[in-house]
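Q: I would like to learn how to read a structure like this one. Can we go through it feature by feature?

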Amino acid sequence: MINVAVLGYGTIGAGVVAVLQTNADSIEKKAGERIVVKRILDLRDFPGDPNQDKVVHDYKVIEEDDDIQIVVECMGGVEPAYTFVKTALLQGRSVATSNKELVAKHGAELISIAEEKRGNFLFEASVGGGIPIIRPLTQCLTADVIEEISGILNGTTNYMLTKMEDEGMAFDEVLKEAQDKGYAELHPEADIEGYDACRKIAILTSLAHGKQLDFEDIHTEGITHITSEDFLYAQKMNKCIKLLGKSWVKEGKLYALVCPMLIDKYHPLAGVKGVFNAIFVHGNMVDDTMFYGQGAGKYPTASAVAADVVDCVKHMGTHIKIIWEPEKLELSDFGEFSRQYFVRMPYEVPMEDIMEAFGPVEQVEVEGVKEKAFITGVMKEKEYMKAAKRFDTILGMIRID
């Protein structure tokens, strides 16, 4: 029998307990051992809950319980999660977590401790919820050099952009609906400003390249400036707008970026709607692969965490090799990267001024919208920024992927 402690009895923690208990017989067959939730750490009491007798309020109770072999961290945030997880690993316990903030900030260090203590630090659910992506990167695609990762990594923003595209809803209106349905938090900045997607692409890129990419180094933009007019233009161009987390290698240089992008309707990510997530991975041998599914939610995420618990049980006393060194990955200046840009300006701006600044452009016109909208030629980001500074009337810009 393997005893487990679950840290945090919120949505994900309660989901993990439910999965481990509901599917206990099936999980036992796959793990080779009976897995039992012995302790649950939370500040709250849960009167009437079938697991109320397992709830403790002090981590010391878990730390000093020699019968606990695996810790499941579902608290979120960096502290006190980092302290508790590090303590557990130093004790020789394995840890499974869904905490993207913790993994993005301390992943390399925690993996190193787990290796030293012949335990495991597993975090499949930290990116993509129930979508398997960490194992494919660290196991299935290890023969490849990963040249690009591009993903819809946040279900809240994808839901909002889908509603704006399909129903013509305004940003504020769709944000309120997302909050009412529980897809967006009361304070939604982590989602709508792109921070959540930024941490996830940092984790994936660190794993793909085996070194630490600090999420603070990634240029990040959210969707707050996207308007219903942008979708009218996108439709005219046979494109759609997605918030993408991207990292890619070009001519030996590594770039990373989180921002809304215009992608062609035939792109594999274009059909990903609502709260679903998808991650597109290009390897130099396997070519294109895509991983799609529920990117969040109580049970999809809990299922991924529980699968990590099973892996920990199957590898008790042995370390599952994950290459993620603390040495820092250096990003190239994305100002040097070339692409096209879709730009909107007031109708009164003369085309002569636009072409003088941006060079030859392709105008885009939509019935009922009186603006000067255009697609630039291929130009470096720094060249676009230099040209854009000549105008104080730009209504919007979206990069074209």
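Q: How many positive and negative side chains does the chain have, and how far apart do the centres of the two sets lie?

A: First, a caution on the source. This is a predicted model, where local features need pLDDT of at least 70 and side-chain atom pairs count only at pLDDT 80 or more, while totals for chains, interfaces and linings use all residues. Residues are numbered from 1 along each chain as its sequence is written, and side-chain values use heavy atoms, with hydrogens and water left out. Now the charges. Lys and Arg count as positive, Asp and Glu as negative; His and the chain ends are not counted. Each charge is placed at NZ of Lys, CZ of Arg, CG of Asp or CD of Glu. The chain has 43 positive and 64 negative side chains. The centres of the two sets lie 2 Å apart.

Q: How many helices and strands does the chain have?

A: Both are DSSP runs, numbered from the N terminus: helices are H or I with at least four residues, strands are E with at least two. Here there are 14 helices and 19 strands. The radius of gyration is taken over C-alpha atoms, and the globule rule is 2.2 Å times the number of residues to the power 0.38. The chain's value is 23 Å, close to the 21 Å that the rule gives for 401 residues, so the chain is as compact as a globular protein of that length.

Q: Is strand S10 largely enclosed or open?

A: Buried means under 20% relative accessible area, exposed over 50%, and partly exposed in between (1.4 Å probe, protein chains only). S10 covers residues 239-250, and ten of its twelve residues are buried, so the rest of the structure largely encloses this strand. Across the chain, 56% of the 401 residues count as buried.

Q: Which strands pair with S10?

A: Two strands pair if DSSP finds at least two bridges between them. Strand S7 (residues 146-152) pairs with S10 in the antiparallel sense over four bridges. There, isoleucine 149 has serine 247 as its bridge partner. Strand S11 (residues 253-264) also runs antiparallel to S10, joined by twelve bridges. Glycine 245 is partnered by valine 258 in S11.

Q: What do S10 and S11 form?

A: They form a hairpin with two residues between them. In the turn, glutamate 251 has a positive phi of about 50 degrees.

Q: Where is valine 369 found, and what is it in contact with?

A: Valine 369 is in the loop between strand S16 (361-363) and strand S17 (371-376). Its relative accessible area is 16%, so valine 369 is buried. Contact means heavy atoms within 4.5 Å. Leaving aside neighbours within four places in sequence, valine 369 is in contact with Glu229, Leu232 and Tyr233.
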